[in-house]
Amino acid sequence: MPAATSSSTSGAEPNGPPIDLSILIPVKDEVENVRPLHAEITGALGQLPLRFEVIFVDDGSTDGTASQLREIQETDPDHVRIAFLRTNCGQTAALSAAMDLARGEVLVPMDGDGQNDPNDIPRLLEKLDEGFDVVSGWRRDRKDKWLTRRVPSQIANRLVARLSRVPLHDFGCTLKAYRRRVLRGVRLYGEMHRFIPVFASWQGAKVAELVVNHRPRQAGRTKYGLGRTFNVVLDLILIRFYQSYAQRPIHFFGRVGLYALALSVAAFGFMLFYKYGYPAMGFPKKDFVETPLPQVAITFFLAGVQLIVTGVVAEMVMRTYYESQGKPTYLLGEVLQEAKVSDPPGLPAEPS
């Protein structure tokens with residue numbers, strides 16, 4: 001289990017006891033599930049030698065979930081913290097709010113519908129203690145509808161694993177365990193919460209996977225549908241761009257722009273060939289207006305110029321992003337240096 005620490009990197013409040021574990025639960029219209037879930041969490045963690053907190057973030061519920069959460073917090077104020085978003089902002093935004101509020105050295109997000117099993121949390125922590133920075137849950141025996149949930153999820157998971165080169169089976173499982181340091185500076189948008197292990201892996205974090213129990217929903221209605229698969233694909237394109245071109249966008253846009261300009265030149269060459277080369281070969285000439293090549297040449301030329309200009313603008317935005325916030329463009333690992341720095345050879349000694 002993660003040991004308590006009082007270092008400056010701890011998530012504990014000033015002058016307060018250190019927190020070892022934060023459970024992060026975004027909820028939306030789960031009035032029938034939040035109380036049983038809280039009871040299961042306290043039962044699973046109550047006997048462990050660590051201090052924990054449970055953070056519920058109500059994402060604009062309208063079914064009485066908010067009042068249930070207030071009652072839970074009143075009955076267990078030592079462990080439960082509640083945050084209410086003013087309107088429905090989505091699961092990723094709610095999870096981001098929970099991360100900002102969390103004080104623990106280890107963060108474990110989970111769904112609020114009861115399908116994640118709190119008894120898996122100690123197992124995730126044990127796996128984390130084997131030297132990993134992220135442990136991702138794998139719902140191998142998933143209890144969801146086959147056509148609308150499981151099949152699209154399997155396709156999306158294989159795409160993400162292939163393009164990100166992070167060999168996980170289930171990126172969509174909310175139940176994961178993170179060390180706080182790998183989430184420092186992370187900002188989540190869209191459906192990006194499922195890609196946190198990808199970002200962490202790219203930052204040099206050690207990522208593992210653990211099979212977890214997945215249970216059928218007992219109450220309420222699912223908030224997920226087939227349409228979210230398309231959002232995942234779009235987010236996947238975005239993270240692929242981050243991985244390869246976030247620090248050099250001119251290479252992406254400029255390269256495509258140069259290809260477009262090359263096609264424009266090729267189309268222009270064919271125009272000249274059809275008008276002047278054909279007659280020399282004994283074929284009837286074709287004027288420019290007899291082929292679509294002028295339109296093709298102009299279209300590719302304009303597209304190429306626009307893409308190159310877009311790359312220049314993106315490069316300026318990227319440099320502003322890094323330099324305005326003092327962000328390094330490298331990932332620094334370990335630095336070794338002797339305690340005493342000697343003078344370079346040949347440097348005359350200072351007069352005493």
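This presentation covers selected features of one predicted model, from its strands and salt bridges to its cavities.

Good morning, colleagues. As the structure before you is a predicted model, every value I quote is computed from its atoms.

I begin with strand β7, which spans residues 207-211. Which of its residues lie on the covered face? They are A208 and L210. The uncovered face carries V207, E209 and V211. In general, the side chains of a regular strand alternate between the two faces of the sheet. As for its partner, β7 pairs with strand β5, residues 134-138, in the parallel sense, and five bridges join the two. Within this pairing, V135 stands opposite A208 of β7, a residue that belongs to the covered face.

I turn now to the salt bridges. How many does the structure hold? The count is 14, and I shall describe three of them individually.

Are the two partners buried or exposed? E40 counts as partly exposed because its relative accessibility is 29%. R215 has a relative accessibility of 18%, so this residue counts as buried.

The next pair is R103 and E53, whose side chains also form a salt bridge, with a distance of 2.7 Å, N to O. Here the loop between α3 and β4 supplies R103, and strand β2, residues 52-58, supplies E53; the partners are 50 residues apart and link distant parts of the chain. R103 counts as buried, because its relative accessibility is 16%. E53 is buried as well, with a relative accessible area of 0%.

The last pair I wish to show joins R139 to D170, again through a salt bridge of 2.7 Å, N to O. R139 lies in the loop between β5 and α5, and D170 in the loop between α5 and β6, so that distant parts of the chain, 31 residues apart, are linked. Both partners are buried: R139 has a relative accessible area of 9%, and D170 has one of 4%. Apart from these pairs, salt bridges that share partners join E30, D113 and R217 into one network.

Let us move to helix α2, residues 65-75. Which of its residues are buried? They are T65, Q68, L69 and I72. These residues cover an arc of only 100° around the axis, and therefore lie on the same side of α2. As to what they meet, the buried residues of α2 pack against β1, α1, β2 and β3.

E315 is located in helix α10, residues 293-325, and is buried, with a relative accessible area of 13%. Leaving aside residues up to four places away in sequence, E315 touches Q247, R248, P249 and I250.

Finally, I come to the cavities. The model contains two cavities of 30 Å³ or more.

Conventions. Residues numbered from 1 in each chain as written. Predicted model: local features only at pLDDT ≥ 70, side-chain atom pairs only at ≥ 80, totals over all residues. Heavy atoms only, no water. Buried < 20%, exposed > 50% of the residue type's maximum accessible area, 1.4 Å probe, protein only. Helix = DSSP H or I, 4+ residues; strand = E, 2+ residues; numbered from the N terminus. Pairing = 2+ DSSP bridges. Salt bridge = Lys/Arg side-chain N within 4 Å of Asp/Glu carboxyl O. Arc of directions from axis to C-beta. Contact = heavy atoms within 4.5 Å. 1 Å grid on protein atoms, 1.4 Å probe; cavity = no way out; pocket = protein on both sides within 12 Å on 5 of 7 lines; lining within 4 Å. Points joined across faces, edges and corners; volume = space filled by probe spheres on them.
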